[in-house]
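Thanks for coming, everyone. Let me put the structure up on the screen.

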Amino acid sequence: MLTVWGRRNSGNVQKVMWAIGELDLAYQRRDVGGSFGQLDTPEFRTMNPNSKVPVIQDDGHCLYESNTVVRYLASAYGYGDLFPGDLKIRSLADLWMDWQLSTIDRQLGPLFMATVRTEPYARDPDKISHLARKLGESFKVLDDHLAENPYIAGDQFTMGDIPLGAAAFRYFYLDILRPDLPHVSRWYDNLCNRPAYREHVMIPIGHTPEEWLALEQEGAISL
């Protein structure tokens, strides 16, 4: 049985769960992280010394780092489909998966912290505007790419769509100004029609009072 450690509202866990859904794999998921805690236990640190989710175990093989996990699952269970058999197509999927980490994640993370993970009274409008403008410029790069490609790696949905697709849900969820992104919007609308995306990514974002407290205790925010 494939086992996943991580809370379902974690963006990085959602990448893995979406891949599992696309591959129709049997799994069990254990809630850890956020208000569930347990990341600093000896048992969890044995699996991931960085104390972060997601972590998977598959037939005794332990793995973490969300994009790596997506690649592994796609290669093991979706070769030729989610994991393209054509090297050039696969290299495009890899390129944009890395770009999600190097560019989008580094910009979306601070913006997410400044909005969703900051209580409304403490939010800085100027900071949010600046972060949103920078992130919008990066999404325009993606928009230019998608002008000539239905999906990230070309004509078919692949693992390359998963990291950026998970980020896109959060980007379009935020109450911010966005540039005109017709091609990203078309691609995003197509993702929204995928059952696994709706189940594992399109879930409520926000925090209960208990979750605010847990985030403060984790050091993720300062109340």
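I'll take the sheet, then the helices on it, then the salt bridges.

First, the ground rules. This is a predicted model, where local features need pLDDT of at least 70, side-chain atom pairs count only at pLDDT 80 or more, and totals for chains, interfaces and linings use all residues. Residues are numbered from 1 along each chain as its sequence is written, and side-chain values use heavy atoms, with hydrogens and water left out.

Now the sheet. Four strands make an open sheet, and the order is 2-1-3-4. The pairing is mixed. Two terms here. Strands are DSSP runs of E, at least two residues, and helices are runs of H or I, at least four residues, both numbered from the N terminus. Two strands pair if DSSP finds at least two bridges between them.

Which strands stand at the edges? Strand 2, residues 27-30, and strand 4, residues 61-64. Each has a single partner strand, so one side of each has no neighbour in the sheet. From one strand to the next, the twist averages 20°.

Look at strand 1, residues 2-5. Strand 1 pairs with strand 2 in the parallel sense, over four bridges. Trp-5 stands opposite Arg-30 in strand 2.

Next, the helices. Helix 1, residues 11-23, packs on the sheet and touches strand 1, strand 2 and strand 3 (55-58). Contact means heavy atoms within 4.5 Å. The direction of helix 1 makes about 160° with that of strand 1. Helix 3, residues 66-77, lies across strand 1, strand 3 and strand 4. Helix 3 runs at about 135° to strand 4. Axes are lines fitted to C-alpha atoms, for helices over the stretch in contact; angles run from 0 to 180 degrees between N-to-C directions.

On to salt bridges. That term means a side-chain nitrogen of Lys or Arg within 4 Å of a carboxyl oxygen of Asp or Glu. How many does the whole structure hold? The search finds five.

One joins Asp-94 to Arg-71, with the closest N and O atoms 2.6 Å apart. Asp-94 lies in helix 4 (residues 87-114) and Arg-71 in helix 3, so the pair ties together parts 23 residues apart in sequence. Arg-71, Asp-94 and Asp-98 are linked in a network of salt bridges.

Another is Arg-29 with Asp-31, at 2.4 Å between the closest N and O atoms.

Last, Glu-137 and Lys-134 meet in a salt bridge at 3.8 Å, N to O. They sit three residues apart in helix 5 (residues 125-146), about one helical turn.
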